[in-house]
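Colleague: Could you walk me through this model slowly, one question at a time?

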Amino acid sequence: MSDARTFKVLFVTTLFEVIAFAVIIPILPLLLTEPSSSLFILPERYSVDFGLVLLGAITAAYPFGQFLSTPILGELSDRYGRRPLLMMSIAGTVGANIVFGYGVMTASMPLLLGAKLFDGLTGGNISVVQAAVADISSNEEKSERFSKLGAAFGVGLALGPAIAGVLSTASLASFLSPSTPFFFASALSLVSFSLVYFVLRETSPMEVSNEDMLEPFRRIGFYLFRSDVRGLFFANLLYFVGFAFFTTFVSDIVSNRFGLNQLQLGGYYLLIGTTVIGSRFFAVPKIFEGREERSLVVPGLVSTAAMLFLLYLVDSSLPLYIFTTGGFALANSVTQVAIQSSVSIGSQEDEQGTALGIYSSMRALGQSIPGITAGVVVAALATDIAFVLAGGTVLSTALLFWLTDRNQ
């Protein structure tokens, strides 16, 4: 199998997994925080403010599990291969979505929380895919291929919420319910598993399989505290703290500001996903052409912060809000590709799984930190304040990275 075909398989696998993940986006806020919605399942003993806190906790559970697991899964994929680790993590997603769907059917909050935590603990699939892409790419190809892989996120984030909006609307068909999207997600992950098992070739050099059991932790410590890319890891951590303030509450904010139901929210994400696809396939490769990836980290961060502040200010015009979100999607794409490519280029060729596993772990930790704390803040103030927190955090990340990077 050629490298180009291997990349296509990895792209499709990522697409299916992102769709399976993204079905939760338009539904979870309606399940927990919107009593007027037909999807609302929060038990009467809980207040809506507690629903906001629970929304943050469930949203944070998945990335927190990833934070714990992805560095080890990435290291293990260097030792034992990308395919077995990828199949293991996809199998975990299959089971987690079945349990989550059952939790929605029974209105069990512990099951919802536990399923997302388990999904995160086994959900190192994206970091393993990234390592496989690094295996088959030269330094010159990495930014383009990582950008295109990011387009799979755009397609998935466009299709997942749209599919969830349709599959959760009982008025369209009697067999549809709020749990249907999660059973669909489980079936889609089974397709991903089959694709990896039957089609994907192994890409890892697997040159470190005889080292002692503590070596993964030593290698992680080296990359975090002594390598030339350590600043990128911590910039990635702080960036995704800010990013998570946005992603946790954006559905709730858009629903409240513009009165959108789950079908309309699905359409909103379809438009935004289309923007992400265009930026990843066309705009980002042009922006990176002839430029050093690391030099675009600060401009990407500043642009992302500016778009987040604008989103806070646009509260009456849905078309203008969608246009501004498109600008945010482009700036976010530049930032993520710049950090990810710089990490891969600055790491050893036989340690791509370890380095990109740490990258994903820092990303996951950043996404998990705001979960509960942000839920408490927005419950006490207003959900819109999440945009201010997001913009301020990303802007601070740009300043800190600029100060530390110029002194290295």
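Modeller: A helix here is a DSSP run of H or I with at least four residues, numbered from the N terminus. The model is predicted, so that local features need pLDDT of at least 70 and side-chain atom pairs 80 or more, while totals for chains, interfaces and linings use all residues. Residues are numbered from 1 along each chain, and side-chain values use heavy atoms, without hydrogens or water.

Colleague: Is Glu293 buried or exposed?

Modeller: Glu293 sits in the loop between helix H11 (262–288) and H12, and its contacts (heavy atoms within 4.5 Å) beyond four places in sequence include Ser143, Phe288 and Ile345. Buried means under 20% relative accessible area, exposed over 50% and partly exposed in between, with a 1.4 Å probe and protein chains only. Glu293 has a value of 12%, and therefore counts as buried.

Colleague: How are H10 and H12 oriented to each other?

Modeller: The axes (lines fitted to C-alpha atoms over the stretch in contact, with angles from 0 to 180 degrees between N-to-C directions) of H10 (residues 230–258) and H12 (residues 297–313) come within 12 Å and cross at roughly 20°. Leu232, Tyr239, Phe246 and Arg257 make the contact from the H10 side, and Leu301 and Leu308 are among the H12 residues that meet them. Since angles under 35 degrees count this way, the two helices are therefore roughly parallel.

Definitions and conventions: Angles under 35 degrees count as roughly parallel, over 145 as roughly antiparallel, 65 to 115 as roughly perpendicular and the rest as oblique.
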